[in-house]
Amino acid sequence: MSVTQQQVLDSLSRIKSPRGVALTNANVLSAISASDGKVFFSINVDAAEARAWESVRAEAEAAVRAIPGVTTAMVALTAERKPGAAPPPPPTPSRGTPGVQPVHAHKPPQGGASPMARQSEIPGVAAVIAVASGKGGVGKSTTALNLALGLRDLGFKVGLLDADIYGPSVPRLTGLREKPALNDERKMIPLRRFGLAIMSIGFLVEEETAMIWRGPMVMSAVTQMLRDVEWGELDVLVVDMPPGTGDAQLTLAQNVPLKGAVIVSTPQDLSLIDARRGLAMFRKVNVPVLGIVENMSYFQCPHCGTKSDIFGHGGARHEAEKLGVPFLGEIPLHMAIRATSDAGNPVVDSEPAGPHAAIYRAIAGQVRDQLKGVIAAA
Ligand code: ADP
């Protein structure tokens, strides 16, 4: 039985906002996504009122879940702080499915102070770094996972957060499918594979559903995966960002306490333009760009090993020099990388003595050098 938006609205109209009006008349609802029995939407409120809204969020989620035919209901509470307003009180933990906490979308402060200064670190995690790309399909997720494994091989304790909410690929890249269990504090316990602590929005929702999430919901879900997960002690948490440089990415870059960002690009000019946008985005929010990786840099024949520069290899190195950011390395377009990735056995783990693993480890070494002073040499 399919659930319609109207059914969702009908059930929400019976819930009162803290000011007494029906939730559907309070002018706080995002677009409602309802497909295949899965319902997602967000309630967008002023940060000063966020606490009063948490019970409404829980009530709305319960009401939607009670509609016949609904299999999953996720209601995010997003709270925007007005410029200059005092920070809201800390949210109370919610019950039920991993609860969504209020999210505070900061405006970058005037005068050049880092918005990161206002963010709380994740307890136990020394450095959170982002792997980003200007557009999809450039191999960002493959690079993020193999970079995480390269850092593991250098002796660090590493986690991987797949925040690519528009198309989470970590379940495919790792072969992991289970739902994370909850600990006594109702925090999600990350799945473990290849010696990494791994969390993905794909463990919680179906891939197709994740495609239709909107900006504030992305932020809410990502915050939940950062804060409501028992990450334990980590040297580095690698975040596989959603592709692109739109509002959702900017908000994410502002809200996640990032120590740096790695930008993945293919050599084609177009994606370099996109990579430049990525660079500008991180600079805007004062996140240091650790460097650019050129993926699918040259074609390496799986039979004879001959290299061909079919895409005009070297563009990213040149671009990095021009932009004054480190060039972290080039990864060939190679069948072994694609086949191992798509089979859930990333090349750094499945062929550790091979040439590709060495390339990813060298990139990891450069990232470690860039993070000197943040993570201790292992
Ligand atoms: P993105 O995260 O940018 O969308 P993915 O990491 O999912 O990209 O990669 C897209 C596709 O390209 C996948 O099938 C992946 O296996 C393949 N791929 C990524 N990097 C390489 C590479 N260096 N050589 C061959 N195939 C690659």
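Which elements each supply at least two residues of the shell around the ligand? They are α3 (140–153), β10 (289–300), β12 (327–333) and α10 (335–342). Keep in mind that this is a predicted model.

Let's start with the ligand. It has 18 residues around it, and G137, K140, S141, T142 and P332 are the closest. The largest share comes from α10, which puts in four residues.

| Residue | Protein atom | Ligand atom | Distance |
|---|---|---|---|
| V138 | polar backbone atom | oxygen | 3.0 Å |
| R172 | polar side-chain atom | oxygen | 3.4 Å |
| P332 | backbone N or O atom | nitrogen | 2.8 Å |

On its own, the ligand has 560 Å² of accessible area, and the protein covers 86% of that.

Now for the space itself. The ligand takes up the second largest pocket, which holds about 370 Å³ of space. This pocket is lined by 23 residues, with V138, G139, K140, T142 and M296 closest to its centre. Two or more lining residues come from each of α3, α4 (170–174), β10, β12 and α10.

Which element gives the most to the lining of the second largest pocket? That's α10, with four residues.

Note on methods
Residues are numbered from 1 along each chain as its sequence is written. This is a predicted model: local features need pLDDT of at least 70, side-chain atom pairs count only at pLDDT 80 or more; totals for chains, interfaces and linings use all residues. Side-chain values use heavy atoms; hydrogens and water are left out. A residue is near a molecule or strand if one of its heavy atoms lies within 4 Å of it. A polar contact is a pair of N or O atoms within 3.5 Å; within protein, one must be able to donate a hydrogen and the other to accept it, and residues adjacent in sequence count only if both atoms are side-chain atoms. Accessible areas come from the Shrake-Rupley method with a 1.4 Å probe; for residues, only the protein chains shown count as cover. On a 1 Å grid over the protein atoms alone, a cavity is a set of points where a 1.4 Å probe fits but cannot get out, and a pocket is an open set with protein on both sides within 12 Å along at least five of seven lines; lining residues have an atom within 4 Å of a point. A molecule sits in a cavity or pocket if more than half of its atoms lie within 2 Å of its grid points. Grid points are joined across faces, edges and corners, and a volume is the space filled by probe spheres set on the points.
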